[in-house]
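Welcome! Take a moment to look over the structure below, and then let us walk through it together.

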Amino acid sequence: MRNLKDPAGLLQIRSDMEFMCHTVGQRLAGSPEEKRVAEYMVGRLRELGASNLGSLPFPVQRWIPAPAVLTDVDSGRRIEVSQVTHSLATPPEGVEGELIVIEPFDYEQGMRFDGLEGKIGLFYGGYGESEEVFRQMQESPLKALLYVDTRYATEWALAAGMGERFMRMVRKPMANLSMMDAWALARSGARHVRLACSGRIEPANSWNAVGEFPGSDPAARVIVISGHLDSVSEGVGADDNASGIAAALECARRLRGKGLRHTVRFIGFGAEEQLSVGSTRYVGSQVADLDRIAFVCNFDSVGAHLGSSEIQCAGTPALNRYVKEAAEKRLGFGKVVDDASPYQDMFPFAARGIPGIWVTRTTHSTLYWYHHSVHNNLDAVSMEQIAWTAEAACEMVGDLASRENWPFERRLTPELKGKCDRFLRELF
Ligand SMILES: [Zn+2]
């Protein structure tokens with residue numbers, strides 16, 4: 001159990017988490033459930049005395065999930081798989097074909113092997129690693145595509161979101177297999193398989209939920225504290241990312257009524273799992289005062305019972321020093337690294353040259369064991385850990401919000417900015 005200086009928010013964190021994960025449950029981008037959580041966040045911010053409240057809509061392709069089954073035709077064995085979001089449905093009877101295993105190496109050769117016609121490809125790897133490989137797979141004569149996320153050795157099916165750029169290239173039914181199911185399929189020498197899936201897309205609106213404590217200084221800077229409202233199509237997204245929303249709301253509780261010099265704005269972004277769509281729309285067209293936003297603190301997946309907390313800094317060496325001094329030295333909170341991952345909502349701000357931090361917590365080198373699975377449920381997260389994350393972040397954000405002069409500039413190093421520009425070109 002964490003030794004919190006202020007444990008008063010723990011019950012509220014639990015109640016926020018239970019609302020998001022049990023009362024509402026899965027919260028896919030563009031779904032009524034995501035909207036309900038956006039409204040909940042605005043309501044909670046209102047209770048806490050925030051102003052300039054609102055839910056800002058933007059269009060997305062909503063995914064309507066459905067069960068998906070892969071059958072080994074010869075043995076009759078049925079495997080529950082997870083249809084890749086935004087991929088095509090099969091006819092009700094499914095699509096059947098010879099199974100062909102494709103290793104990433106085969107693609108590096110430019111798919112220069114024959115006989116793909118009418119077969120079902122099992123790709124040893126995830127679908128999102130290269131746009132070129134993705135395009136080649138979609139344009140190949142394969143009937144359907146199966147993927148194995150090689151980052152995990154799981155017995156359960158994993159889900160993943162899909163970026164809008166990849167959605168436009170989709171031509172086939174696609175499904176994710178658990179590593180252990182794929183292993184068993186290969187080991188048994190399965191020859192013919194049938195994939196049946198019926199998930200589909202529908203145009204809808206997603207939402208960014210916003211509220212703030214206005215700063216007392218007329219020339220106030222704006223600090224954004226954020227998380228994302230949506231979850232993937234497996235599980236209820238307790239850690240990813242109800243924990244981030246609960247941490248942001250806990251920060252609001254801790255910072256309310258403090259009469260801060262600078263504005264602190266709380267945002268629950270929609271459609272993060274479709275590659276930070278909500279935050280991209282926010283900086284692109286919804287915000288009127290982007291030039292005032294000077295710092296972003298984004299929480300994504302912060303609640304693991306056991307693991308290692310990390311703060312990713314996108315800024316300058318001076319920002320890194322500031323965060324390191326506070327988090328690592330003074331608070332003993334996690335480790336501090338320099339980077340700007342495109343798979344979280346601080347990125348679109350960093351890509352505009354706005355410094356920020358992404359606070360997260362992993363159980364493995366870069367991820368956590370229940371990532372994007374049914375195990376990402378309330379059992380996976382610790383309320384104390386969420387409160388502790390908020391407490392550590394508030395030490396920094398509260399300090400910045402009350403200071404006239406900041407110890408770092410509003411910019412990123414040319415190296416980090418260049419990295420952001422590359423991600424923008426390759427992924428968005
Ligand atoms: Zn997330």
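S55 is partly exposed, its relative accessible area being 27%. Here, buried stands for a relative accessible area under 20%, exposed for over 50%, and partly exposed for anything in between, with a 1.4 Å probe and protein chains only. This is a predicted model, in which local features need pLDDT of at least 70 and side-chain atom pairs count only at pLDDT 80 or more, while totals for chains, interfaces and linings use all residues. Residues are numbered from 1 along each chain as its sequence is written, and side-chain values use heavy atoms, with hydrogens and water left out.

You will find S55 in strand β1, which covers residues 51-64. Helices (H or I, at least four residues) and strands (E, at least two) are DSSP runs, numbered from the N terminus. Leaving aside neighbours within four places in sequence, S55 is in contact with A38, E39, V42, W207, N208 and A209; contact means heavy atoms within 4.5 Å.

N52 is exposed, with a relative accessible area of 53%. The backbone of N52 deserves a glance too: its phi is near 50°, a positive value in a residue other than glycine.

Which other residue has a positive phi although it is not a glycine? H86 does, with a phi of about 70°. H86 sits in the loop between β3 (78-83) and β4 (95-102). Is H86 buried or exposed? It is buried, with a relative accessible area of 6%.

N241 belongs to helix α7, residues 238-255.

Now turn to L177 in strand β7, made up of residues 174-177. L177 is buried, with a relative accessible area of 2%. Not counting residues up to four places away in sequence, L177 touches L70, V81, L146, Y147, V148, D149, A182 and L185. By C-alpha atoms, L177 and D114 are separated by 24 Å, and they are 63 residues apart along the chain.

With these places in mind, let us step back to the whole chain. How many helices and strands does the protein chain have? There are twelve helices and 15 strands. The radius of gyration is 22 Å, close to the 22 Å that the globule rule gives for 428 residues, so the protein chain is as compact as a globular protein of that length. That radius is taken over C-alpha atoms, and the rule is 2.2 Å times the number of residues to the power 0.38. Along its principal axes, the C-alpha trace spans about 70 × 45 × 40 Å.

Of the 428 residues, 60% count as buried. Among contacts between residues at least 6 apart in sequence, 83% join residues at least 24 apart.

Finally, look at how the chain divides. The domain assignment gives domain 1 (10-63 + 203-427) and domain 2 (66-198); such bounds come from an automatic or database domain assignment. The C-alpha centres of domain 1 and domain 2 lie 33 Å apart. Where the two meet, the contact takes 22 residues from domain 1 and 20 residues from domain 2.
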